[in-house]
Structure formats: C-alpha cells, structure tokens
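Let's take a friendly walk through a protein chain, one piece at a time. Have a look at the picture first, and then we'll go through some of its parts together.

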Amino acid sequence: MDVQNYPDLKLLRIFISIVKNQGFANAQQELNLSTSAISTYMSQLEATIGMKLCERGRGGFSLTAKGELFYQEALRLLQELEKFSLYTSQIKGELNGTLKIGILDSIVTEKMFPIDQVIGQFSQENPYIYIKLQVHSPYELQMGILDNKFDIAIGAFFLKMNGINYHSLHQEQHWLFCSDQHHLFDQRKLTEAIITQEKMVRRGYWSHSELAKHGFKNSSATVESMEAQLILILSGQYIGYLPEHFAQSWLDHKRLKVLLPSVFGYRAPFSFIIRRGRTKEPIIQKFRAILSQHIKTSSSNSNS
C-alpha cells in the first residue's frame, strides 16, 4: 500500500471503537455519530486499504479474518502514537494526553477524600490533559485497569486481582439504615434478630458471602448504585447500608436512622489502583502526588 493511501487516524479510531462496542449502533454514543455516518467512514477505510474488515447486517457484527489482524495492528499503532505524543510533551516540559479515571459512585460527599479538589488542582496544573471520568462497580474498575480502559481507579476492593498495585487511601464508614417511613424508625428496643428479619437491599456486586459478612443471609432487592440504594431505603420498605458521609444530610433532617451501630457497621478500605508496570508514567505519578497531598491535608484537618 502506497504511503499516500495510508488510512486517516480518525478512521482507525472509529474502527477501533466499532470493534470494542461490537457494532455500529453500539458505537454511536461513544463516537457521537449516526449509524449512517459510521457506515460511511467504515466504507471509506475499507476502500483506502483495499480489503473488507467486517461483516455487518442482519447476522450481526463480526470481523473478517483479515479484519482481526488489522484491528490488532491498529491498536498497536495508536498506542505507539500515544507514547510518542507523551514523549514529545515530556521534551517540551509539559504533560499531554488523556487521563482515564474510574471511581465508585457517591464519593463526592466524602470529606476525607476530596476528589473534586484533586481533579481541580490536577487540571489546573496540567491544562493539556483531557480528563475522562467514569463511575463503575469495584469489579468493573479492576477489570478496566487490567484492560487499560482506566489509567487509574479509586474504590473499595475486597477481592484483589493479580496484575494490579493497590495503594491504601482511607477507611469509609458504613452503617445500616432505615428511613422515617419504616416501622423500625420509632421502635426503641431493637435486637439483631429483629433487624435481620427485615427486607434488606444489597449491592449487586456483593456475593452471598459478602452479604453474610454484613449480617444477612438473604436480600429482597438489588441495586447498582448508592443513589438507588438510598431511594429504596427512603421508600420505607427496605433497610440497607450506606456510607456515613453520603447519608449525613438525610440523618440531619431526621429522614434516616442508624440501626444498632454496635452490631451493624463496617469500614470499607479505599485504595488507589494502577496496573503493574505503569506506576512510573508521568501523568499517573503527577495525579498520585496531588492525591496524596489532599489525603494528608484532609486527614490532618479531621484530627485537629
């Protein structure tokens, strides 16, 4: 293939997005393009390189044999270009590129971990870095680190995975709550036996052993976010665990009540995680330094 017929990088990025999302329709949101526009770009890419890369139609999306080989090489090429861009920025004395951050939901109210201030300072000091922030479950965050979907991630990880470095941050306090609409709210004499008979809402990423660790054999509802858990607790039909900082405003307004804190309560150990082999990357080192600075400041303020 002649150098003049090399595919445009934009076409390669569109192709990679299509493959990762397993089809034109699924890639629409990430690319912010219509399916017809995506189809046009794919046809342009195939015409440029002179080969068919994928099958699309009623049978669904799939790569051809040559398309699979081309995909792997396109991934390698873009990774090398990102490294080259980063190296050029380092020569100039500035950081450039994209920082992909994964976090758990509801941590914005945690004073011990001011994520908004960390990202604010990082962005101010590194104006050429594009921030991509996503909220996911602990399992998804760890898998995202291993797949390089995230450069860094922050959350509570009870099960550790090989290939990831875990750096401790702080302990997040969780209590068991009911709302003012629940019949336990005004009941004075509560026992463990009474509470464990109530309908309980659990997080979708909790295993049965994790549920048992927190005092319950069964659950009556499942959620994938803290906000959803709060909604079900406020409904008055369920009890459930929430981070103390996330529930505080509802406690202040007497909409929530902590149930037997001497029995039901636990601390979730938060960690900053990175894929092994990436700890010396300048962008990651810079973010981690700012994060450590804010964690120390928050800890000092809470102890004063």
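What do the buried residues of α9 pack against? Keep in mind that this is a predicted model, so everything here is computed from it. The answer is quite a list: β6, β7 (200-203), β8 (221-223), β9 (239-243), α10 (244-252) and β10 (256-258).

**Helix α9 and its two sides**

Which residues are we talking about? Helix α9 covers residues 226-234, and its buried members are M226, Q229, L230, I233 and L234. Around the axis they take up an arc of only 130°, so they sit on the same side of α9. Turn to the other side of α9 and you find E227 and I231, which are exposed. After the helix comes G236, with a positive phi near 85°.

**A buried histidine**

Now look for H182, in the loop between β6 (164-179) and α7 (192-195). Is H182 buried or exposed? With a relative accessible area of 5%, H182 is buried. Its side chain makes a polar contact of 3.4 Å with the side chain of E198. If you skip the neighbours within four places in sequence, H182 is in contact with E198, G236, Q237, Y238 and I239. You have seen one of these before: G236 is the residue that follows α9.

**Two residues with a positive phi**

S106 and K254 are worth a look together. S106 is not a glycine, yet its phi is positive, about 70°. K254 is also a residue other than glycine, and its positive phi is near 55°. You'll find S106 in the loop between β3 (97-103) and α5 (115-125). What about their surroundings? S106 counts as buried because its relative accessibility is 14%, under the 20% cut-off. K254 counts as exposed because its relative accessibility is 62%, over the 50% cut-off.

| Residue | Relative accessibility | Class |
|---|---|---|
| H182 | 5% | buried |
| S106 | 14% | buried |
| R278 | 14% | buried |
| K100 | 24% | partly exposed |
| K254 | 62% | exposed |

K100 is in strand β3. At 24% relative accessibility, K100 counts as partly exposed, because that value falls between the 20% and 50% cut-offs. Which residues does K100 touch, not counting those up to four places away in sequence? They are K132, N148, K149, F150, D151 and I152. Take I152 as an example: K100 and I152 are 52 residues apart along the chain, and their C-alpha atoms are separated by 6.7 Å.

R278 is in the loop between β11 (265-275) and α11 (282-303), and at 14% relative accessibility R278 counts as buried. A polar contact of 2.8 Å links its side chain to that of E281. Beyond its neighbours within four places in sequence, R278 is in contact with N148, F150, D151 and I284.

Let's go to the start of the helix numbering. Two packed helices are described by the angle between their axes and the distance between the axes. For helix α1 (residues 9-20) and helix α2 (residues 24-31), the axes come within 8 Å and cross at roughly 125°. That makes α1 oblique to α2. The crossing in which α1 passes α2 is right-handed. Where they meet, α1 brings I14, S17 and I18, while α2 brings F24, A27, E30 and L31.

**Stepping back**

How many helices and strands does the chain have? The count is 11 helices and 11 strands. Along its principal axes, the C-alpha trace spans about 80 × 50 × 35 Å. Of the 304 residues in the chain, 41% are buried. Finally, among contacts with a separation of 6 or more, 67% are between residues 24 or more positions apart.

How values were computed
Residues are numbered from 1 along each chain as its sequence is written. Side-chain values use heavy atoms; hydrogens and water are left out. Helices (H or I, at least four residues) and strands (E, at least two) are DSSP runs, numbered from the N terminus. Buried means under 20% relative accessible area, exposed over 50%, partly exposed in between (1.4 Å probe, protein chains only). A polar contact is a pair of N or O atoms within 3.5 Å; within protein, one must be able to donate a hydrogen and the other to accept it, and residues adjacent in sequence count only if both atoms are side-chain atoms. Contact means heavy atoms within 4.5 Å. The arc is that of the directions from the helix axis to the C-beta atoms. Axes are lines fitted to C-alpha atoms, for helices over the stretch in contact, and angles run from 0 to 180 degrees between N-to-C directions. Angles under 35 degrees count as roughly parallel, over 145 as roughly antiparallel, 65 to 115 as roughly perpendicular and the rest as oblique. A crossing is left-handed if the near helix is turned anticlockwise from the far one by less than a right angle, and right-handed if clockwise.
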